[in-house]
Amino acid sequence: MTFGKGSHLHLIDGSAFIFRAYHALPPLTRKSDGLPVGAVQGFCNLIWNEISGGPTTKSTPTHIAVIFDASSITFRNEIYPEYKANRPELPEDLRPQFPLTREATRAFNVACIEQQGFEADDIIATYARLATEAGGTCTIISSDKDLMQLVGNGVDMFDPMKNKVLGVDEVFEKFGVGPDRVVDVQSLAGDSVDNVPGAPGIGLKTAALLINEYGDLDTLLARAGEIKQPKRREVLTEKVDQIRLSRELVTLRRDVPVEDALADLVCKRPDAGALMDFLSRMEFRTLTRRISDKLGVEAPAITEAPATPAAAEAAPVAEQIPFEPEKYACVRDLETLLGWIDRIRDQGFFAVDTETTSLDEMRAELVGISLATAPGEACYIPLIHSEGSDDLFGSAKLLEGQIPAEAALAALKPVLEDDSILKIGQNIKYDAKIFARRGIKVAPFDDTMLMSYAMFSGLHNHGMDELSETYLGHKPIPIKPLLGSGKSARTFDKVGIEDATKYAAEDADITLRLWQAFRPRLHRERVTTVYETLERPLVPVLAQMEMHGITVDRQVLSRMSSAFAQSMAGLEAEIHEMAGETFNVGSPKQLGEILFDKLSLPGGQKGKNGAYSTGADILEDLATEHELPGKVLDWRQLSKLKSTYTDALQNHINPETGRVHTSYAQTGANTGRLASTDPNLQNIPVRTEEGRRIREAFVAAEGKKLVSLDYSQIELRILAHIAEIPALKQAFRDGLDIHAMTASEMFGVPLDEMTPEVRRRAKAINFGVIYGISGFGLARNLRIPRDQAQAFIDTYFQRFPGIKDYMDKTISFAKEHKYVETLFGRRIHTPEIGAKGPSAGFARRGAINAPIQGTAADIIRRAMVRIPAAIADLPAKMLLQVHDELVFEVEESAVEETIARVKAIMEGAAAPAVEIDVPLIVDAGVGMTWAEAH
DNA sequence: ACCTTCACG
DNA sequence: GACGTACGTGAAGGTG
């Protein structure tokens, strides 16, 4: 059916409607898994009313289409980058509903239209023009005032939620002018929501007044000098450019090169099967019944999926679609890639994975990209696979049939940055950094590794292979045989494209399937908030910190290395002299034999594999008996400092940036702490004077300072709060020395008579409590008899009864649920809690410690998530996190301001989710080096 | 690949 | 009464 006289087109402003439905309707979630679907249901009701001529429809259309915004980046951003820049973040429970609404549109067999670079409004304007030019009429289903400029000459608007027609009269009411002058008024009045500047100081009322007086905007501007009010005259003569720019922004384009002809938008009867399938999957009972009645088909039964208990037994999901690596596509030309991109745009989400030449994102070359759109539907895009060995310039001959990397990335960039398209990754921080180095910002995203961490921390690790085997029952193709090992090791760009395709595309396929399995489960496991507030938002923060890196002075390290080497050589000679023979001082086995067999020193204890134990505590005890153990201890310290720090750190200086870039493993620690690797910058020495000097090599760049802010006693404060210990809480409120106060309480020593030794014991006990104290452990730590240690503990429990209560409650909670929780709802599974034997002790202490350590970890994460925006206008960068400390690099002029802002955020980081009964205190330090700042 | 040792919070 | 233990990490070097 062609479009012409008598035809009536309905254009539904899809994106705007979803927002309105989301805010206007009560939140609704899918019963079986908690997926938010309120806006989708509102949308489905609207579409059904539209095509069935339901109660809230003004007129029945002959043609219909739903128009969506393809992305927030449009031609308007090119003329004015700040356009819509102050839009609030998309609510987390709305985001997943966008792709579902597109799916709904197709299920109703209604045209679903969007176009890159244009807003929905422009497409609507274009179709409205086409419709009237063809002799038909058009109703825009929307209440957006920005569309009111289109009203008139056969076009009107209809607000489905207020059931109200918006015609020329309503436009007059709203703007004080007719539709043809709406643009002029908007250009003057501006729009704070869309961030259109307009003429400062002129609002809707004044704008309408002026336009009505002068006829139109151009006349007004031309005759601005005649205006009597000086303020208005000034603005209208001086801000002409800004006003004209605003006009460009608010004027809708009516010439978008649309792809679908009007005739294609003709109303079609929905395919009952597909529609019923969709509605029942959404679990819309009433709507399913209503529509099935009308279509005369059987309504599918919607089963109430029972909420499954804890995650503990993660039954492998039945494999519905088999893995068939040979079916994966290899994308070798741009046209094919564009086909995949089209599919992705239709769908609104996809899985992505990158293949590179290195695990170090700061050095890695991008070799290829894989995409997956559905289980079994995946492809690999090889970019720089090459043959043979690299020539002198590091480039071997590129293999044929690869899209130039630049072109492929240019095609993918809009999709990767499109905020209506969800990118799914497994450890997506890695891929995001690879893309970031090429100017591509990946957002929004989901990360299956983080989903797994939020749901299953403590149960297993979160690597893809393990997740695939556990939750998909599929063992992925191993990478080892492709890359070889040892001498024959090669980078991924040397892997043949056929093999690479199977391996790489499968990774994307697996990631997509994991996401499908995990996404509904997040709600069921009650960890959506943890994932959304503590995991996902941290990814870009960590990526930025890692990419910034920190300057490490190679000279300082290298001088220290030499000094250490000299001292070690001297010590080694002395040690050999004392031993009466040469041996490898670094070998615990050989050392043990020297100490306990040859010199027959006492206390030789053989461990389970028959070797003597030669740990620092044992050597310290032996130091009173013989000179040699002390020398070994000195040698060991130097050896450690040299090999792990002064030597190794030099090799981690990136040649391009001249800085050291650590990697933070977000899922590295079960408790929620981060782990730092390659290099580990969370264990740089500080406790001894010699070791601390290594921190002098960590320096601020020219003209800047290092600033360190750390929480004071955060774990003890959390303990005081969680276990509700009034005395501890009060002591923290009064700003007392907490260890001295504990000592005073326990041993009855008045504070002013406190000795360092008594305080030291109390401190050890305080820490012991956090670790799940035991008489044995405390005895060993304090080197006192076990019964004495036990007596301390008994006294402690007596003085602070809440502690024992907390421990007992935590253990019984863990036994009942097989997990423990932080104050912010992070779950740490404790599968071993019911075990018999030695592991029971470990599990118990772990269960006691996890909520405390984990809550502290959650708090600093919350601070880290907030900090970047709070200091965005300052010349300050967050570089490092060391569990309770954050290190910044700041231009000298901004040091004080940075400290003030960051301190406030850190100290208030628990709020508003949790109110901690004890103040959180942050101390700050500044210096040229980390040694000074800490 | 595993163990021991030791650096940090 | 015995078991074996402080909590959470990562890197390096030795050993088999």
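Trainee: In the open sheet of three strands, what is the order of the strands?

Mentor: This is a predicted model, in which local features need pLDDT of at least 70 and side-chain atom pairs count only at pLDDT 80 or more, while totals for chains, interfaces and linings use all residues. Residues are numbered from 1 along each chain as its sequence is written, chains are lettered from A and ligands numbered from 1 in the order in which they are written, and side-chain values use heavy atoms, with hydrogens and water left out. Strands (E, at least two residues) and helices (H or I, at least four) are DSSP runs numbered from the N terminus, and two strands pair if DSSP finds at least two bridges between them. With antiparallel pairing, the order is E16-E15-E19.

Trainee: Which are the edge strands of that sheet?

Mentor: An edge strand here pairs on one side only. The edge strands are therefore strand E16 (659-660) and strand E19 (698-699).

Trainee: Which residue in E19 is the bridge partner of Val-552?

Mentor: Strand E15 (residues 550-552) runs antiparallel to E19, and two bridges join them. In E19, the partner of Val-552 is Phe-698.

Trainee: Is Glu-724 buried or exposed?

Mentor: Glu-724 is found in the loop between helix H28 (714-722) and helix H29 (726-733), and its phi is near 55 degrees, a positive value in a residue other than glycine. Buried means under 20% relative accessible area, exposed over 50%, and partly exposed in between (1.4 Å probe, protein chains only). Because its relative accessible area is 54%, Glu-724 is exposed.

Trainee: What is the phi of Asn-195?

Mentor: Asn-195 lies in the loop between helix H7 (182-189) and helix H8 (204-214), and is partly exposed, with a relative accessible area of 22%. Its phi is positive although the residue is not glycine, with a value near 65 degrees.

Trainee: Where is Lys-815 found?

Mentor: Lys-815 is partly exposed, with a relative accessible area of 46%. Lys-815 is found in helix H34 (residues 801-817).
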